[in-house]
Amino acid sequence: MSPDIRTGPGTGPRTGARSVGESLDNPVWAALTGPHRGFAETGPAGLAARYQGGTTPFAALRDPGDPLAWADLAALAGPGEVVWVTGLPVPPEGWRTEVSIPGVQLDGRAVRAEAAPGAVRLGPADVPQMLELVDLAKPGPFMDRTVELGTYLGIRHEGRLVAMAGERMRPTGWAEISAVCTHPDHRGRGLAGQLIRAVAAESRARGDHPFLHAAAENTGAVRLYEAMGFTLRRRPFFLGLRTPDKKA
């Protein structure tokens, strides 16, 4: 794995974030033990947690360097199951890496936030159209209950949802902008940028800073985000890890 080259505050995962910036070092854990604790399922030892089914597939360890935390995550997920973690963790013996996606974490404190003309708030009744758009545009994981995690905004054309963006992880002091996608027939109109700024405005009104994750290979999206004012903070990996086949 490549080294962590973050350009913002923080020096690495902690067992408890000591500053707003440090909550981005271990964002899933900071969310599930903070603003998103109501969506958390925790391991028997309290050293690992994951989002409830149907929300988002991510799990986290309080301290990725602690073998007991890995054992707790294995107990939570069950033997031979795939869990998704983010950061730069090194799983112990017995775990198998099924997927490894290089990513970027971008700090959005410099992004201009403003309402988007024509944007509408999306909710559970909109999930079928949201899933349809996600299936077409493939922005990353989006599930039946993901809309519950934060504010989601969309733009419609002739009654159909053609663009959307929203909030996923909520580590303390931050809101992750996620599910940014536009129907192929409506790209090139700046809809994604409008919705990102509108979601950022919603986050800031609550007192949170916007940030986001993206696959490093999605260079077009990363260029768009950087042009909007997002800055590189670190280069995490998104890892799909299979738990040991047998209980310890």
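Predicted model: local features only at pLDDT ≥ 70, side-chain atom pairs only at ≥ 80, totals over all residues.
Residues are numbered from 1 along each chain as its sequence is written, and side-chain values use heavy atoms, with hydrogens and water left out.

Now the sheet around that pair. Strand S2 covers residues 48-51 and pairs with S3 in the antiparallel sense, over 3 bridges. Strands here are DSSP runs of E, at least two residues; helices are runs of H or I, at least four residues; both are numbered from the N terminus. Two strands pair if DSSP finds at least two bridges between them. The open sheet has 3 strands, in the order S1-S2-S3, with antiparallel pairing. At the edges sit strand S1 (40-42) and strand S3 (59-61), each pairing on one side only. From one strand to the next, the twist averages 25°.

What lies across S1, S2 and S3? Helix H2, residues 67-77, running at about 40° to S2. Axes are lines fitted to C-alpha atoms, for helices over the stretch in contact, and angles run from 0 to 180 degrees between N-to-C directions. Contact means heavy atoms within 4.5 Å.

Buried or exposed? Glycine 78 is buried, at 15% relative accessible area. The cut-offs: buried is under 20%, exposed is over 50%, partly exposed is in between, with a 1.4 Å probe and protein chains only. Glycine 78 and alanine 200 are 122 residues apart in sequence, and 37 Å apart in space, C-alpha to C-alpha.

Next, aspartate 126. This residue is in the loop between strand S6 (120-122) and helix H3 (127-137). Aspartate 126 is buried too, because its relative accessible area is 17%. Leaving aside neighbours within four places in sequence, aspartate 126 is in contact with Arg121 and Arg156.

Last, the lining of the largest pocket. Strand S9 (174-182), helix H4 (191-205), strand S10 (209-215) and helix H5 (219-228) each supply at least two residues. S9 gives the largest share, 7 residues. By type, the lining divides into 20 nonpolar, 10 polar and 5 charged. Nonpolar means Ala, Val, Leu, Ile, Met, Phe, Trp, Tyr, Cys and Pro; charged means Asp, Glu, Lys and Arg; the others, Gly among them, are polar.
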